[in-house]
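Colleague: I would like to learn how to read a new structure with you. Could we go through it feature by feature?

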Amino acid sequence: MCGIAGILSDSIDLRDEKESLWKISNSLRMRGPDSRGEFVEKSAALIHRRLAVIDVKRGAQPMSFGAYTIVYNGELYNTLEVRRELENLGYQFETDCDTEVVLKAFHMWQERSAEKFNGIFAYGIYNKNDNSLFLCRDRIGVKPLYYSHNSKTFAFASRMESLLYVDGVEPVCSREGLNEIFMLGPAKTIGKTVFRDIKELPPASYMFYRNGKSEIKTYWKLRAEPFFDTETTAQEKTHFLVTDAIRRQLVSDAPLCTFLSGGLDSSIISSVASDYFKENGTVLHTYSVDYDDNDKYFESSRFQPNKDSDYINLISDYIGSEHHNIVLNNTAVADALIDAAIARNSPGFCDVDSSLLLFCKEVKKSHTVALSGECADEIFGGYPWYHRSEILFEETFPWSRTVDVRRSILKDGFLPEGEEYSHNAYLETIKRADKLSTDSPLEARMREMFVLNLDWFMQTLLVRKDVMSMESSLEVRVPFCDWRIVEYAYNMPWSIKSFGGREKGILRKAFENELPEIITWRKKSPYPKTFNPIYMSEVCKMTEYAISDKTCPLYEMINAQAIRELMRNPESMSEPWYGQLMRTPQVLAYILQIYVWIRKYGVEFEY
């Protein structure tokens, strides 16, 4: 993985913009600490920071072929297939890097090349013959890509912060951005960001920029198709698709490990990976995360019925991995809220972010690549809202069913359109769910739920995983995001997907013979959070400082009295702010992260 950026301009000689280009490059350094490269002409500049994973000694970027120059961030998992096809067409290759395959595929097939790729990627290709630019992003949106277009320049980058060093891009948050933060956050609408001048290239999209104009097109979307497989065949195909995705993603010239929580998804990945390592005469390293004294303070709930630590050693022993349990200090997790917000360039997922950031930094000490179990829940119906009838058909985001808590922390009259903004975002999403005329009301709703989870909850987790891992210079791959799995699961009837009436039932059944029964049928448990009161105490102190700063624009937006009441009575929050775990400590941390974001970037507001 890498960090990429680029600028096109007809009004500025980019050869004279060395300081700005260096600032942009430096802002990407953690995404690519191994090397840096630049391609600079009068009207175009491409910047690359490399984290070397495949063909470490070669594959420097920017890479050129004919009139085209590419900066690329990602991994292709079908590199060999595409390369052989190109070789049969007469192309020759000088490296083993997928970058060269992507570049020459574009030379051959232009924008249609994106349809041939199976992987996670974001890249830009500059054509010096007509001063045009092609941008592209993977189908699921695992790798980020942001852009900005003003009268002076067009620019793109892996990070929003990088674009703030471009002339004419200002750290301004519009009213729309405020609604994204307070009414939807930490989720966000696809294509939008918290900055007025910066947008996101949506997943499964490409853009052409020519002669001062840009055009975005979608090259892939979920289509409703009849499902003819039997339950047994569905189990077999699910097993094949998941196993194939995992094994494809185990290729690396740098040390590779897996994250292992003791839950179903990470156990499947680690089991397949361990078998692969044994075939090659090596031992898989696995990693888990916990917190100081969490055994002492753990509180069971319907969302988190048991601790991961009860299961991790069991599955590690079963697959024969060398396991490492990373135990985080609670004060450090609170302090890292600041680093996590800066890494994300926006308020984010609170301690779910900061703990992952610290965890990834520890993993990076020994490994450069990791596989993680994100996204199986969204794809195979793992969350409670798929299974609770009182939630399933509600006309709202199931992970954030009300904005009452959000409204309570704001000053009276602030963002009065907030409820409408949130509901419209929901309605626009379910419109995108392709359906069959033969779908029952339940099947039609499950398609809507699939798209809601894919476009919102899953995107939040993917941003979190990309940002926190890459801030640690660690590449994390997510096998369940293979688009073939996503397509197959979208059309699988709910009666098969929820085999045995269980969350992720088909996935459990598909792998039941390869895992201990207690792991296969363990009730889903989310990412572990800290229950230690030290964390809450630290967050309260930091948030009190933030809400007391009268010189910060945040002061005019929030209801400090209501926030202090939450500090005094943390159990008063009846429903999570977002998801399953974002309760009072996380809401306070979110407010703190908004403050950090404003102060770090000198954010100004339009409202």
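Colleague: How do the residues of the lining of the largest pocket divide into nonpolar, polar and charged?

Modeller: A word first: this is a predicted model. As for the general idea, rolling a probe the size of a water molecule over the atoms shows where empty space is left. Here, the lining of the largest pocket has 14 nonpolar, 7 polar and 10 charged residues. That pocket has a volume of about 690 Å³. Its lining is made of 31 residues, and I190, P203, R432, V451 and D455 lie nearest the centre. Two or more lining residues come from each of α15 (418-431) and α16 (441-470).

Colleague: How many cavities of 30 Å³ or more does the structure hold?

Modeller: There are 11 of them. The second largest cavity has a volume of about 240 Å³. It is lined by 19 residues, with P186, A187, K188, R344 and S346 closest to its centre. The elements giving two or more residues to this lining are α5 and α16, and α16 gives the most, with 4 residues. By class, the lining of this cavity holds 10 nonpolar, 5 polar and 4 charged residues.

Colleague: Let us turn to helices. How far does α7 reach from its first C-alpha to its last?

Modeller: The general idea is that an α-helix has 3.6 residues a turn, so residues three or four places apart point the same way. In this model, α7 (residues 264-279) has 16 residues and reaches 23 Å, close to the 22 Å expected at 1.5 Å a residue. The helix is mostly covered, with 12 of its 16 residues buried. Among the buried ones are L264, I268, I269, V272 and F277. Just after α7 comes G281, with a positive phi of about 75°.

Colleague: Which residues other than glycine have a positive phi, and where do they lie?

Modeller: N131 is one of them, with a phi of about 55°. Look for N131 in the loop between β6 (119-127) and β7 (132-137). K504 is another case, its phi being near 55°. K504 sits in the loop between α18 (494-497) and α19 (505-510).

Colleague: Why does K504 count as buried?

Modeller: Being buried means having under 20% relative accessible area. K504 counts as buried because its relative accessibility is 3%. S316 lies in helix α9 (residues 309-319). Leaving out residues up to four places away in sequence, S316 touches L260, T286, S321 and H323.

Colleague: Which members of the largest nonpolar core touch the most other members?

Modeller: They are F182, F195, F259, L554 and W597, in a core of 110 residues. Helix α23 (residues 584-601) gives the most to this core, with 12 residues. There is also a second, separate core of 84 residues, which includes Y123, Y219, C481 and A489.

Colleague: What is L592 in contact with, leaving aside its neighbours within four places in sequence?

Modeller: L592 is in contact with L337, M542, T543 and A546. This residue is found in helix α23, and its 4% relative accessibility is why L592 counts as buried.

Terms used:
Residues numbered from 1 in each chain as written. Predicted model: local features only at pLDDT ≥ 70, side-chain atom pairs only at ≥ 80, totals over all residues. Heavy atoms only, no water. 1 Å grid on protein atoms, 1.4 Å probe; cavity = no way out; pocket = protein on both sides within 12 Å on 5 of 7 lines; lining within 4 Å. Points joined across faces, edges and corners; volume = space filled by probe spheres on them. Nonpolar A, V, L, I, M, F, W, Y, C, P; charged D, E, K, R; others polar. Expected span 1.5 Å × (residues − 1). Buried < 20%, exposed > 50% of the residue type's maximum accessible area, 1.4 Å probe, protein only. Core = buried A, V, L, I, M, F, W, Y, C linked by side-chain atoms within 4.5 Å. Contact = heavy atoms within 4.5 Å.
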